[in-house]
Amino acid sequence: MRGVKKQNLPSKICTVCGRPFVWRKKWEKVWQEVRYCSERCRRTRPPVQ
Amino acid sequence: MSDPVQLVWFKRDLRVDDHRPLSEAARRGPVLCLYVYEPELHGSEELTAAHLVFLQESLVCLERSLRELGGTLVLRRGRVVDVLHALKRETSFVSLWSHEETGSDRTYRRDREVAVWCREQSVPWHEFRQDGVVRRLSSRNGWSRHWEEFMRQPAVPRPSLRGVRGLQGEAGPLLADLGVPPSDKPDAQKGGAAAASRTLSSFLSDRGVNYRAAMSSPVSGWTGCSRISPYLAFGCISLRTVNDELAARRSELRTADADGEPVDRRWFGSLQSFGSRLRWHCHFMQKLEDEPRIEFGNFVRAYDGLREEFTASVEGRRRFEAWKEGLTGYPMVDACIRCVKASGWLNFRMRAMLASFSAYHLWLHWREPAVWLGSHFLDFEPGIHFSQFQMQSGTSGINTVRIYSPAKQALEQDPDGEFIRRWLPELRAVPVSWLSRPEQMPAELQSRCGCLIGRNYPAPIVEHAAAVKEARDRIAAIRRRSGTRTEAKAVFARHGSRKKSATHREHKNRQPQLPGLGEAIETATAAERRCG
């Protein structure tokens with residue numbers, strides 16, 4: 001038995017847009033650190049003062 | 001004929017353990033224990049309803065303990081000299097016993113009135129030290145030895161008492177009906193000696209393990225700080241008892257460690273940090289003891305006139321109101337203000353940030369913000385409070401100017417936005433990346449998360465970078481003057497800590513000293529760590 005059903009994948013809330021997003025294969029090793037749903041959100045995050 | 005009555009006046013020492021005036025009085029005869037509810041003090045701006053509730057809880061606990069020891073607590077209302085006068089007629093008490101108090105000007109003036117009354121009536125007033133603060137200290141050199149010496153003396157055991165009965169105002173029945181208004185702080189700590197010892201023991205046995213790391217954040221600090229401060233302020237527990245318990249716990253941990261039992265290493269550093277803070281507690285109070293005027297005026301008078309005019313202006317008033325309401329547009333500041341209003345407590349770092357923000361960002365003179373914030377600290381201790389407020393406002397002259405960035409504090413001390421969201425419901429739907437600076441949210445996001453800046457939550461009341469730059473320049477201009485440096489040296493001689501910390505030495509080796517200030521400069525780290 002391999003894999004997890006798509007509807008059972010873990011999800012997070014994007015810290016920039018506030019929308020939920022779902023686990024992807026390319027994040028399997030860094031899922032703990034993933035904060036943004038997309039490249040766009042990563043780029044539009046507010047500057048740290 | 002019965003023995004003459006000894007009168008023990010309870011002030012900020014609402015306990016029976018390690019209470020020397022009580023035990024000394026008890027050795028000499030029947031003891032009448034008194035607490036005075038003073039409208040001029042208890043009804044003043046210094047105290048809020050939460051203080052009175054805490055006081056009442058502490059008195060209930062004290063009354064029970066005194067009764068168990070065979071004594072009685074009498075509660076009277078009025079000016080202390082009037083109360084003493086009446087009691088003298090009723091009981092012919094021969095001596096007055098109390099602790100020395102390093103309090104606000106109100107209590108200082110009241111104590112001088114009492115001293116005059118005692119002289120006129122030929123009633124000796126025996127006052128005892130209750131912590132590391134030394135009365136009529138001749139020099140700050142070697143001050144820490146006084147502290148050590150006092151703490152080394154064994155705690156005074158609770159005495160058995162011969163009470164004086166039949167007086168009007170016996171506290172038992174009265175306490176239920178002190179006329180105390182409901183607390184304005186739903187999340188405040190509960191008063192009393194029993195609560196004090198529970199709080200201390202849970203800290204030393206469990207909560208304190210990560211103290212050193214946990215104290216900086218208002219999230220982890222809520223349980224990771226000792227929370228013993230209101231009990232020290234009301235004297236529900238003595239500083240010496242706290243120090244003794246700490247010493248016992250440290251030796252227990254050392255023994256366990258030496259015996260090869262598993263010990264969490266973090267305890268060692270944490271308890272050392274806690275021990276330092278017990279010293280700093282008295283170090284700061286000593287400043288007010290030595291120079292009571294610092295409750296009202298700058299340590300270094302060269303800073304007089306710096307902020308007064310602006311503070312009184314329309315814009316100054318507007319900023320002060322916004323700060324008090326928690327509506328500055330800086331979420332970390334606003335959350336802290338609302339937290340302290342609801343609970344009477346904040347960790348030290350956040351208190352320092354609030355003071356620094358009012359002084360530098362808002363350019364307000366420290367006096368009004370200090371009085372207001374003090375009235376909301378359940379653990380309000382005038383000596384610590386006013387020295388600290390001056391230090392965080394740059395008017396102490398002997399500390400580096402330290403300006404906190406509320407956004408940076410939010411990112412570092414509340415990375416998940418837990419604290420900000422708890423106290424600012426209007427920001428609950430704001431994604432965490434924007435919580436430190438919600439005004440930067442794109443308009444679309446503002447409307448999507450129901451937080452329109454300027455409508456649901458204010459835009460920042462001042463712009464951070466510009467405000468900080470201007471404040472820094474204005475302080476520096478005064479600091480550079482030779483008159484300021486001369487004064488600062490005098491402040492250091494009178495009040496400065498003689499201890500050079502490791503970080504201080506490091507700092508000194510790296511950076512050239514400001515000319516003329518010499519030893520007077522504390523490193524930012526050392527200054528920041530004061531008084532956790």
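Residues are numbered from 1 along each chain as its sequence is written, and chains are lettered from A and ligands numbered from 1 in the order in which they are written. As the model is predicted, local features need a pLDDT of at least 70 and side-chain atom pairs count only at pLDDT 80 or more, while totals for chains, interfaces and linings use all residues.

The predictor's confidence in each residue is expressed as pLDDT, on a scale from 0 to 100. Chain A has a mean pLDDT of 89, with 92% of its residues at 70 or more. For chain B the average is 91, and 92% of the residues score at least 70. In residues 505-532 of chain B, pLDDT stays under 50, and the model has 48 contacts beyond four places in sequence for this stretch. Here two residues are in contact if their C-beta atoms, placed from the backbone, lie within 7 Å. For the complex, the predictor gives an ipTM of 0.87 and a pTM of 0.91.

Helices (H or I, at least four residues) and strands (E, at least two) are DSSP runs, numbered from the N terminus. Chain A contains one helix and two strands, which follow the pattern β-β-α along the sequence. Within chain A, confidence is lowest in helix H1 (residues 39-44), at a mean of 92, and highest in strand E2 (residues 20-22), at 95. Along the principal axes, the C-alpha atoms of chain A fill a box of roughly 50 × 20 × 15 Å.

Chain B includes an open sheet of five strands in the order E3-E2-E1-E4-E5, with parallel pairing. Its edge strands, each pairing on one side only, are E3 (73-77) and E5 (125-128) of chain B. Neighbouring strands of this sheet are turned by 25 degrees against each other on average, direction ignored. Two strands pair if DSSP finds at least two bridges between them. Strands E1 (residues 6-10) and E4 (residues 95-99) of chain B run parallel and are joined by three bridges; in E4(B), Trp97(B) is the bridge partner of Val8(B). Helix H3 (residues 49-68) of chain B packs on the sheet, where E1, E2 (31-37) and E3 of chain B are touched, and the direction of H3 makes about 140 degrees with that of E3(B).

Axes are lines fitted to C-alpha atoms, for helices over the stretch in contact, and angles run from 0 to 180 degrees between N-to-C directions. Angles under 35 degrees count as roughly parallel, over 145 as roughly antiparallel, 65 to 115 as roughly perpendicular and the rest as oblique. The axes of helices H4 (residues 80-91) and H5 (residues 105-121) of chain B come within 9 Å and cross at roughly 30 degrees. H4(B) is therefore roughly parallel to H5(B). Val80(B), Val81(B), Leu84(B) and Lys88(B) of H4(B) meet Arg110(B), Glu113(B), Val114(B), Trp117(B) and Gln121(B) of H5(B). This contact has five nonpolar, one polar and three charged residues. In this classification, Ala, Val, Leu, Ile, Met, Phe, Trp, Tyr, Cys and Pro count as nonpolar, Asp, Glu, Lys and Arg as charged, and the others, Gly among them, as polar.

For helices H12 (residues 239-258) and H13 (residues 266-290) of chain B, the axes come within 11 Å and cross at roughly 160 degrees. H12(B) and H13(B) are therefore roughly antiparallel to each other. Residues of the contact include Leu239(B) and Val242(B) of H12(B) and Trp267(B) and Leu271(B) of H13(B). By class, the contact has eight nonpolar, three polar and two charged residues.

Helix H16 (residues 331-343) of chain B packs with H20(B) at an angle of about 75 degrees, the axes being 7 Å apart. These two helices, H16(B) and H20(B), are therefore roughly perpendicular to each other. Pro331(B), Met332(B) and Val333(B) of H16(B) meet Pro406(B), Gln409(B) and Ala410(B) of H20(B), a contact with five nonpolar, one polar and no charged residues.

Between the chains, 13 residues of chain B are in contact with nine residues of chain A. Helix H20 (residues 406-413) of chain B gives the most to the side of chain B that touches chain A, with three residues. That side of chain B divides into seven nonpolar, four polar and two charged residues.
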